[in-house]
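Thank you all for making the time this morning. Please take a moment with the sequence and the structure before I go through a few of the details.

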Amino acid sequence: MLLAAVLAPFVLGVFAPTVRRVAGPATGWLLALLPAGLTVYFAQFLGTVSAGEAVTFSTPWVPALDIHLSFYVDGLSLMLALLISGTGTSIVLYAATYLARNADLGRFLMFILMFMGSMLGLVLSDNVVTLFVFWELTSITSFLLIGFNHKNSRSRRAALQALVVTGGGGLALLAGLLLMAQAGGAMELSTLLQSGDLLRDHPDYMAILILVLMGAFTKSAQAPFHFWLPNAMEAPTPVSAYLHSATMVKAGVYLLARVNPGLGGTEVWQVVLVVFGCVTFLIGAILALRNTDLKLMLAQTTVASLGLLVFLIGLGHELALEAAMAYLLAHSLFKGALFMAAGCVDLGTGTREVWRLSGLRNAMPITFAAAALAALSMSGLPPFIGFFAKEFVYIGTSGYFWPLLISGV
């Protein structure tokens, strides 16, 4: 069933243009049934995973090379799978309305569903080669989504830039994963990461670390690779809400959290992640203050949040890792909602420039209410999830409490 859950979005995606032609206005509701069903399916594992057990699936793919289509569901992968499918349900419905008058809506929904399948495969993969395949599929499908308005030169340029940066990082990741498999004597992450001392003491540890960090940093827009994410805002707003707040940009953070038991715990791991995370956080926060475009402001604050997540994983202790996961979930929810609100404003007014916008509370009351609630959560005010997540952050960062408080995390 895990394999079917991963492949189902690809299969439905192929038929999305046909569904669009046949179902018309009901397209979004019909296609959203799949991610909604996947959310229910993954939710059934909550009890098993909460009890400390993992759900696994494996079938031979290239047996001669010890490559299997293997999937592993634990707390980390389950949270991401629920986020991908749950948020994906809202995005499919939102996109079907946002692009209702676009003749290529069917093609867009095909790309979204295929991206969803790629992300599910990425976070659930156990075999290192399987992980790489889905990792690159997310880069390819995101390229198609960012460049959806292919007649626009800026969209094409942004799509190519994202593909080159994340695709190049993916090749580095492949080399790192294969070296890690060779050093640990296994192709399955669940086995490899139980041999942390073996990996950390291996002569190739530094090479493995650099290559894996290259993959993670490019995907999650860490400095100096942060530039591609704001540029990707040329994509339609449903792409920004799904890929660039809730899912794809979190793939690098997921990877760092996943390999932390095997590669973490060293001084170089902590220093590199803490330094690069802090630098990325500050760059994103400062650049956000300079922007007046709603989507660019949200994109830069997303860069800052990604830096914070990398910083927390770099600290490495249990409270910091718990804080990272809590904030990852909260950020995905409130930032996805804010991106969708920005899209509604853009669609309703024809502009995203804040200095040209006023009086929308009366003109767009529903959008106003949704944006206000999401903004309150992002601000860390009770009783919203952002408040609890940021409390975790303050607890998990210990001695870094006051610098983070002053910076406005």
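How many residues lie between E1 and E2 in their hairpin, and which residue in the turn has a positive phi? Before I answer, please keep in mind that what you are looking at is a predicted model. There are four residues between the two strands of that hairpin, and the one in the turn with a positive phi, of about 60°, is Asp66. The strands themselves, E1 covering residues 55-62 and E2 covering residues 67-73, pair in the antiparallel sense over seven bridges, and within that pairing Val55 stands opposite Val73 of E2.

Let me turn now to the charged side chains, where a search of the whole structure finds six salt bridges. I will begin with the one between Glu234 and Arg154, whose closest N and O atoms are 2.9 Å apart. Glu234 sits in the loop between helix H12 (228-231) and helix H13 (237-242), whereas Arg154 belongs to helix H8 (residues 153-184), so this pair ties together parts that are 80 residues apart in sequence. Glu234 counts as partly exposed, at 25% relative accessibility.

If you ask how open the two partners are, Arg200 is partly exposed at 24% relative accessibility, while Asp197 is exposed, with a relative accessible area of 54%.

Arg107 and Asp104 also meet through their side chains in a salt bridge, at 3.2 Å from N to O. Here Arg107 is partly exposed at 23% relative accessibility, and Asp104 is likewise partly exposed, with a relative accessible area of 32%. I would also point you to Asp293, Asp346 and Arg352, which are linked in a network of salt bridges.

Finally, let me move from charged to nonpolar side chains. On the surface, Val271, Val275, Phe276 and Val279 form a nonpolar patch, and together these residues have about 300 Å² of accessible area. One of them, Val279, lies in helix H15 (residues 267-290) and counts as partly exposed, at 38% relative accessibility.

Definitions and conventions: Residues numbered from 1 in each chain as written. Predicted model: local features only at pLDDT ≥ 70, side-chain atom pairs only at ≥ 80, totals over all residues. Heavy atoms only, no water. Salt bridge = Lys/Arg side-chain N within 4 Å of Asp/Glu carboxyl O. Buried < 20%, exposed > 50% of the residue type's maximum accessible area, 1.4 Å probe, protein only. Patch = residues over 30% accessible without salt bridge, like charges linked within 9 Å, V, L, I, M, F, W, Y side chains within 5 Å. Areas by Shrake-Rupley, 256 points an atom, 1.4 Å probe, with all protein chains shown as cover. Pairing = 2+ DSSP bridges.
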